[in-house]
Amino acid sequence: MATAKQELGAWGEIEVSKKCACPSCKRSKTLKRLPTNFKCADLICDFCGYLAQVKSMSVRKLDPMPKQILGAAWGPQRERMDAGIYFPLFLVLKTPTEFAIYYLPSDFQSPALFSERVPLSASAKRAGWQGFTYVLSAVPDGALVRLV
């Protein structure tokens with residue numbers, strides 16, 4: 001059974017796929033969800049192959065933008081960064097009554113956007129696992145664009 005955060009994440013991916021055109025080929029209804037736990041990407045355009053990450057977050061108000069959001073596994077993200085590969089990010093913010101979808105192209109991403117977290121303790125269910133956070137203050141002004 002999915003947790004509330006997993007359900008929020010799936011909902012965000014579905015909303016992006018329904019409401020946003022592919023940023024690369026500009027076609028509507030071509031963004032499709034990838035299988036759960038696909039590394040570093042959540043959506044693919046079934047026309048041009050464009051890959052993107054989606055992060056969803058519950059907030060009290062849509063403004064101001066959160067200072068940081070939880071990412072996923074640090075290891076795969078670090079490997080891609082070392083290779084100069086960044087996936088575009090859709091950020092879905094949800095209040096009890098409304099939501100917004102923001103887009104951050106990979107061209108505006110740098111290592112400063114990603115902050116590694118402390119690995120989980122030896123007594124944790126997933127001992128040693130290490131995640132990261134997106135540090136939104138590292139995003140250049142105007143780079144994070146509201147789509148919906």
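Guide: Let us take the sheet, beginning with two terms: two strands pair if DSSP finds at least two bridges between them, and helices (H or I, at least four residues) and strands (E, at least two) are DSSP runs numbered from the N terminus. This is a predicted model, in which local features need pLDDT of at least 70, side-chain atom pairs count only at pLDDT 80 or more, and totals for chains, interfaces and linings use all residues.

In general, strands of a sheet pair through backbone hydrogen bonds, either parallel or antiparallel. Here three strands form an open sheet in the order β4-β8-β7, and their pairing is antiparallel. Its edge strands are β4 and β7 (114-116), each of which pairs on one side only. From one strand to the next the twist averages 35 degrees, where angles run from 0 to 180 degrees between N-to-C directions and axes are lines fitted to C-alpha atoms, for helices over the stretch in contact.

Looking at one pairing, we find that β7 and β8 (residues 131-135) run antiparallel and are joined by three bridges; S115, for example, has T133 in β8 as its bridge partner. Helix α2 (residues 74-82) packs on the sheet, touching β4, β7 and β8, where contact means heavy atoms within 4.5 Å. The direction of α2 makes about 90 degrees with that of β4.

Key. Residues are numbered from 1 along each chain as its sequence is written. Side-chain values use heavy atoms; hydrogens and water are left out.
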